[in-house]
Every structure is written in structure tokens, then in C-alpha cells.
Amino acid sequence: LPLSTQLTHRLTMVVGKGTASFGKRHNKTHTLCRRCGRVTYHIQKSTCGACGYPSAHLRSCEFLIRPDCSATSWVGLVGSVAVI
């Protein structure tokens with residue numbers, strides 16, 4: 001096979017997540033959210049990933065926030081701490 005045919009044949013055979021696949025990504029999944037204004041409103045799911053719109057309650061991630069070490073006295077076995 002000629003060199004030009006080999007190169008085009010290789011490009012069509014590529015199956016992966018790299019450069020060849022990035023050229024096919026032209027559909028928008030997220031758009032602007034009415035509530036928070038970020039580009040996190042999923043069009044098909046009709047929900048915002050940042051604030052949770054259209055839910056009445058604001059989406060929060062309290063489980064991701066690490067507690068301040070000085071504010072936490074309940075560390076380890078809590079049963080061993082005497083409550084006064």
C-alpha cells in the first residue's frame with residue numbers, strides 16, 4: 001500500500017479517547033442555568049448540576065466540606081467521652 005493510504009487507514013482504525021475522538025464532540029450537554037447562572041444546566045436531564053434547579057431546595061455538598069480540626073471535639077470513640 002502507498003504511504004498516504006496507510007496513514008488514512010491508521011486514522012480510521014483509531015478507537016480511543018484521544019485526539020481522534022475529540023473531533024466528534026460537538027453537541028452541547030450543558031447550558032446556562034436560570035438560577036445560578038453557571039453553565040451546569042443539563043439539557044436532557046433538565047436539572048442543574050450546581051444548584052439543583054428546578055428543585056425548590058438549593059443543592060449543597062456538605063459531605064465534601066472537611067471539618068475544622070479545632071472545632072471538632074468528637075473524634076474517635078464517642079462513647080468514651082463523658083457528657084457533663
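**Working chat: a predicted chain, contact by contact**

Author: In the protein chain, residues 24 or more positions apart account for 0% of the contacts with a separation of 6 or more. Contact here means heavy atoms within 4.5 Å.

Reader: What kind of model is this, and how are residues numbered?

Author: This is a predicted model, where local features need pLDDT of at least 70, side-chain atom pairs count only at pLDDT 80 or more, and totals for chains, interfaces and linings use all residues. Residues are numbered from 1 along each chain as its sequence is written, and side-chain values use heavy atoms, with hydrogens and water left out.

Reader: How many helices and strands in the protein chain?

Author: Two helices and three strands. Along the sequence the pattern reads α-α-β-β-β. Both kinds are DSSP runs, numbered from the N terminus: helices are H or I with at least four residues, strands are E with at least two.

Reader: What percentage of the residues is buried?

Author: Buried residues make up 10% of the 84 in the chain. Buried means under 20% relative accessible area, exposed means over 50%, and partly exposed is in between, with a 1.4 Å probe and protein chains only.

Reader: Now the sheet. What is the strand order?

Author: β1-β2-β3, in an open sheet of three strands with antiparallel pairing. β1 (30-31) and β3 stand at the edges with a single partner strand each, so one side of each has no neighbour in the sheet. Strands pair if DSSP finds at least two bridges between them.

Reader: How many bridges join β2 to β3?

Author: Two, and the strands run antiparallel. Tyr41 stands opposite Cys48 in β3.

Reader: Stay in β2. Is His42 buried or exposed?

Author: Buried, at 17% relative accessible area. His42 is found in strand β2. Leaving out residues up to four places away in sequence, His42 touches Thr29, His30 and Thr47.

Reader: Which backbone nitrogens does the His42 side chain reach?

Author: That of Gln44 at 3.4 Å, and that of Lys45 at 3.1 Å. A polar contact is a pair of N or O atoms within 3.5 Å; within protein, one must be able to donate a hydrogen and the other to accept it, and residues adjacent in sequence count only if both atoms are side-chain atoms.

Reader: How far is His42 from Thr31?

Author: 6.6 Å in space, C-alpha to C-alpha, and eleven residues in sequence.

Reader: Switching to cysteines. How many disulfides?

Author: Zero in the structure. Cys36 is in no disulfide, and its nearest cysteine sulfur, that of Cys33, is 3.7 Å away. The cut-off for a disulfide is a pair of cysteine sulfur atoms within 2.5 Å.

Reader: Rings next. How many aromatic pairs in the whole structure?

Author: A search finds one. Tyr41 and Tyr53 form a tilted pair, 6.1 Å centre to centre, with 50° between the planes. Tyr41 lies in β2 (residues 41-42) and Tyr53 in the segment after β3 (47-48), so the pair ties together parts twelve residues apart in sequence. For the cut-offs, rings of Phe, Tyr and Trp (its six-membered ring) pair if their centres lie within 6.5 Å; planes under 30 degrees apart are stacked, over 60 edge-to-face, and the rest tilted.

Reader: What else about Tyr53?

Author: Tyr53 is partly exposed, at 22% relative accessibility. Its peptide bond to Pro54 is cis, with omega near 15°. Pro54 lies in the segment after β3.

Reader: Which residue has a positive phi?

Author: Ser46, with phi near 55°, and this residue is not glycine. Most residues other than glycine have a negative phi, and most peptide bonds are trans. Ser46 lies in the loop between β2 and β3. At 33% relative accessibility, Ser46 counts as partly exposed.

Reader: Over to the helices. Where is Ser21?

Author: In helix α2, residues 19-22. Ser21 is buried at 19% relative accessible area. A polar atom of its side chain lies 2.3 Å from the backbone oxygen of Gly16.

Reader: Last one. What sits over the ring of Phe22?

Author: The charged end of Arg25, 4.3 Å from the ring centre. A charge sits over a ring if NZ of Lys or CZ of Arg is within 6 Å of the ring centre and within 35 degrees of the ring normal.
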